[in-house]
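Trainee: I have some labels to check against the numbers. Can we go through them one at a time?

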Amino acid sequence: MRPQLKIEFFLPSSYNSGMDIEAQKIFSVKKEILLAFGGISTHPASVAGIWQGEDRTYYDNCYKFEVAAPKNDLTKEFFISFKEKLKELFQQHEIYMTAVEIERF
């Protein structure tokens, strides 16, 4: 089997103002990943995070997304661009996104 990555990223369930993120935005993220990589796993909005920004401390409840994707330059380029799109779409200073190589059985 070809080398693969597991990409994980977290999206907030609400904006910094406290208003809930529109369900359509979460759905559009799932759909875009599904079309690009054939599958996506999501976890409920129960991942609590705290992070320190330059001007204040942020408290988030997040959705966790996991994607298995080929380990290649196209995947890396996709997620670098996708992260910037997510930051704009969800009005965030940062989107926490990681990738680790996986071995599937």
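Mentor: What follows takes each label in turn and sets the value against its cut-off. Keep in mind that this is a predicted model.

Trainee: How do you know that helix 2 has the span expected of a helix?

Mentor: Helix 2 covers residues 73-89, 17 residues in all. From first C-alpha to last it reaches 24 Å. The expectation at 1.5 Å a residue is 24 Å, and the span is close to that.

Trainee: Which residues of helix 2 are buried?

Mentor: Thr 75, Phe 79, Phe 82, Leu 86 and Lys 87. They lie on the same side of helix 2, because they cover an arc of only 140° around the axis.

Trainee: Why is Asn 72 called a cap of helix 2?

Mentor: Look at the N-terminal end. A side-chain oxygen of Asn 72 lies 3.1 Å from the backbone nitrogen of Leu 74. The limit for a polar contact is 3.5 Å, so the pair qualifies.

Trainee: Is Gln 91 buried or exposed?

Mentor: Its relative accessible area is 53%. Exposed means over 50%, so Gln 91 is exposed.

Trainee: Why is Gln 92 called buried?

Mentor: Gln 92 has a relative accessible area of 9%. The cut-off is under 20%, so Gln 92 is buried. Gln 92 sits in the loop between helix 2 and strand 4. Leaving aside neighbours within four places in sequence, Gln 92 contacts Pro 12, Asn 16 and Lys 87.

Trainee: What does the side chain of Gln 92 reach?

Mentor: The backbone oxygen of Phe 90, at 2.9 Å.

Trainee: Last, which strand gives the most to the lining of the largest pocket?

Mentor: Strand 2, with five residues. The lining has 13 residues, and Phe 10, Trp 51, Asp 60, Cys 62 and Tyr 96 lie nearest the centre. The space in this pocket is about 260 Å³.

Methods: Residues numbered from 1 in each chain as written. Predicted model: local features only at pLDDT ≥ 70, side-chain atom pairs only at ≥ 80, totals over all residues. Heavy atoms only, no water. Helix = DSSP H or I, 4+ residues; strand = E, 2+ residues; numbered from the N terminus. Expected span 1.5 Å × (residues − 1). Buried < 20%, exposed > 50% of the residue type's maximum accessible area, 1.4 Å probe, protein only. Arc of directions from axis to C-beta. Polar contact = N/O pair within 3.5 Å; in protein donor to acceptor, adjacent residues only side chain to side chain. 1 Å grid on protein atoms, 1.4 Å probe; cavity = no way out; pocket = protein on both sides within 12 Å on 5 of 7 lines; lining within 4 Å. Points joined across faces, edges and corners; volume = space filled by probe spheres on them. Contact = heavy atoms within 4.5 Å.
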